[in-house]
Amino acid sequence: MNAPLRRVGVVVMVLFGLLFANLNWIQAYKADEYRTSDYNGRVQVAEYERKRGNIEAGGTALATSKETSGQLKFLRTYPGGAKYAHVLGYKPVNLADTGIERAENDFLAGTSDQLLGDRIKDMFTGDQTGGGNVLLTLSKRAQDVAYEQLRNNEQGVKRGAAIAIDPRTGAVQALVSMPSFDPNPLASHNTTQAAAAYNQLEQDPNNPLLNRAFAETLPPGSTFKIVVAAAALENGIGKSTQIPAGSSWTPPTSGTPIRNAASSICPEPQVTLMSAVTESCNTGFAQLGVRLGADVIKQKARQFGFEQDDLTVGQLGEDGQAVAASRTGDMQNPDGSTDPAALAQSSIGQNNVRMTPLEGALIAASVARKDGKQMRPYLVRQLLAPDRTTSYYTADPRELRQPVSGQVAADLRDMMVSVVENGTGGRAKINGYTVGGKTGTAQSAPDRPDHGWFIGFALDKNGDPVSAVCVVLEQAGSGGSTEAARIAGKIMQAAIADPGGR
């Protein structure tokens with residue numbers, strides 16, 4: 001055999017070797033991935049052979065499956081449309097699923113190990129038992145009110161979020177992100193139409209697909225003063241302690257003065273900490289933050305939940321919807337020393353401080369509790385078998401952290417109640433309940449209106465918490481924070497009135 005033929009033979013043998021190796025690699029390592037891939041048409045058809053379980057709240061089905069005559073035998077439908085979209089997510093044919101549909105997919109689809117007994121039974125009966133049912137913590141009344149109030153807010157704001165939780169357990173009572181979207185077109189079996197609907201939503205500049213309650217962080221403005229007040233209470237300052245205030249204060253090394261929202265707010269040289277919270281005194285909290293120091297402020301914020309990168313909300317102890325981390329940002333000069341001007345601005349919730357609405361609700365919930373604890377938030381109350389006779393999971397509330405002591409929580413409660421009774425949060429009042437809160441107005445950009453915030457809680461006649469809430473109205477301008485307070489009061493009142501939400 002001549003040399004050219006030998007070279008050809010060697011090349012052919014190498015190619016066969018590579019082909020053989022690739023075949024074995026696919027069989028050994030990639031078979032499961034290819035078999036279960038969303039792009040595998042046979043997998044899709046098989047998935048729709050079994051009726052997907054319901055997602056429910058308050059005895060009402062929010063996500064159901066109805067039988068069709070097509071190759072895909074069941075169509076996922078969302079009777080509530082946009083009202084529950086950011087909680088439920090959606091289950092499309094070709095697109096990626098989201099929300100509770102994603103987090104509880106195996107149980108809803110009937111493929112969970114928990115439902116193995118049902119699948120074994122089907123082998124003998126020839127039946128195709130449906131998927132399991134997921135029961136949520138939501139209060140239907142609170143969700144209805146949150147959705148309608150945000151959509152029709154008095155400021156005409158198009159973007160914002162509201163979330164209410166039960167401080168006793170961490171159960172989410174309401175969750176709305178605005179603008180919302182109708183998930184039904186995204187679940188269409190006409191994949192071309194579903195893709196077109198998704199592209200239209202994705203290209204919308206208002207980003208309706210974004211769950212603002214979990215995924216968006218904005219400067220919290222004066223709501224962050226509750227964190228600074230907690231740090232002060234733990235460092236020798238009481239509710240009645242006088243702190244420096246005044247109509248204007250310029251931090252060291254800065255030529256830019258910090259002023260209050262109005263000339264009538266704490267013009268005195270000194271005010272009590274109680275008055276500083278009630279009036280929302282910028283000059284008082286800017287000076288207080290510099291006095292306490294960046295390390296103290298950052299540490300207290302972390303204890304409330306800032307900088308947490310791994311929080312998810314769904315079923316307790318399982319992966320759920322990811323929550324963006326709230327941040328305190330930089331308060332240092334380039335050489336690492338504290339920048340008093342940055343620290344002063346951060347202490348009134350500006351500079352680089354960013355917070356999610358969920359974090360705002362968790363702060364309020366911690367203060368509302370007599371022990372100062374923060375419970376882990378969750379959305380899934382129970383997992384029921386397809387025939388609803390067996391419960392595979394029932395939520396067992398868990399402590400997440402202890403941001404403050406019972407005494408500090410009590411002092412903060414008194415100050416937040418004063419905000420509602422005597423300050424800027426009056427529109428959050430609820431007859432027959434003690435309501436505490438804190439408004440916040442946060443600068444968004446020099447050429448844009450300010451964001452409006454409110455965090456708060458409601459206590460029953462025994463002083464026990466029944467609801468905690470955060471509402472944010474993006475670029476709401478003047479009056480945005482008082483409108484957020486009004487909406488928050490309506491949501492908490494609805495949660496209180498709903499036996500299923502308590």
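Entry 1: Helices (H or I, at least four residues) and strands (E, at least two) are DSSP runs, numbered from the N terminus. I then checked the length of α17, residues 480-497: at 1.5 Å a residue its 18 residues should span 26 Å, and its end C-alpha atoms are 26 Å apart, which agrees. The expected span is 1.5 Å times one less than the number of residues.

**Entry 2: ground rules.** I am reading a predicted model, where local features need pLDDT of at least 70 and side-chain atom pairs count only at pLDDT 80 or more, while totals for chains, interfaces and linings use all residues. Residues are numbered from 1 along each chain as its sequence is written, and side-chain values use heavy atoms, with hydrogens and water left out.

**Entry 3: the whole chain.** I found 17 helices and 19 strands in the chain. Of its 502 residues, 53% count as buried. The C-alpha trace spans about 100 × 70 × 40 Å along its principal axes.

**Entry 4: a sheet.** I followed an open sheet of six strands in the order β3-β2-β1-β4-β14-β15, with mixed pairing. Its edge strands, β3 (74-77) and β15 (391-394), each pair on one side only. Two strands pair if DSSP finds at least two bridges between them. Strand β2 (residues 60-67) is joined to β3 by four bridges, and the two run antiparallel. Which residue of β3 stands opposite Thr64? I found Thr77 there.

**Entry 5: pockets.** I looked up the terms before the numbers. On a 1 Å grid over the protein atoms alone, a cavity is a set of points where a 1.4 Å probe fits but cannot get out, a pocket is an open set with protein on both sides within 12 Å along at least five of seven lines, and lining residues have an atom within 4 Å of a point. Grid points are joined across faces, edges and corners, and a volume is the space filled by probe spheres set on the points.

The largest pocket has a volume of about 500 Å³. Of its 24 lining residues, Ser222, Arg259, Ala261, Asn282 and Thr441 are the closest to its centre. Which strand gives the most to this lining? I found that β17 does, with five residues. By class, the lining has six nonpolar, 14 polar and four charged residues. Here Ala, Val, Leu, Ile, Met, Phe, Trp, Tyr, Cys and Pro count as nonpolar, Asp, Glu, Lys and Arg as charged, and the others, Gly among them, as polar.

The second largest pocket has a volume of about 310 Å³. Among the 18 residues lining this pocket, those closest to its centre are Thr98, Gly99, Leu209, Asn211 and Gln321.

**Entry 6: cavities.** How many cavities of 30 Å³ or more does a search of the whole structure find? I wrote down four. The largest cavity holds about 110 Å³ of space. Its lining includes Glu47, Arg50, Ser65 and Phe74, and divides into three nonpolar, one polar and five charged residues. The second largest cavity has a volume of about 80 Å³, with a lining of six nonpolar, four polar and one charged.

Key: Buried < 20%, exposed > 50% of the residue type's maximum accessible area, 1.4 Å probe, protein only.
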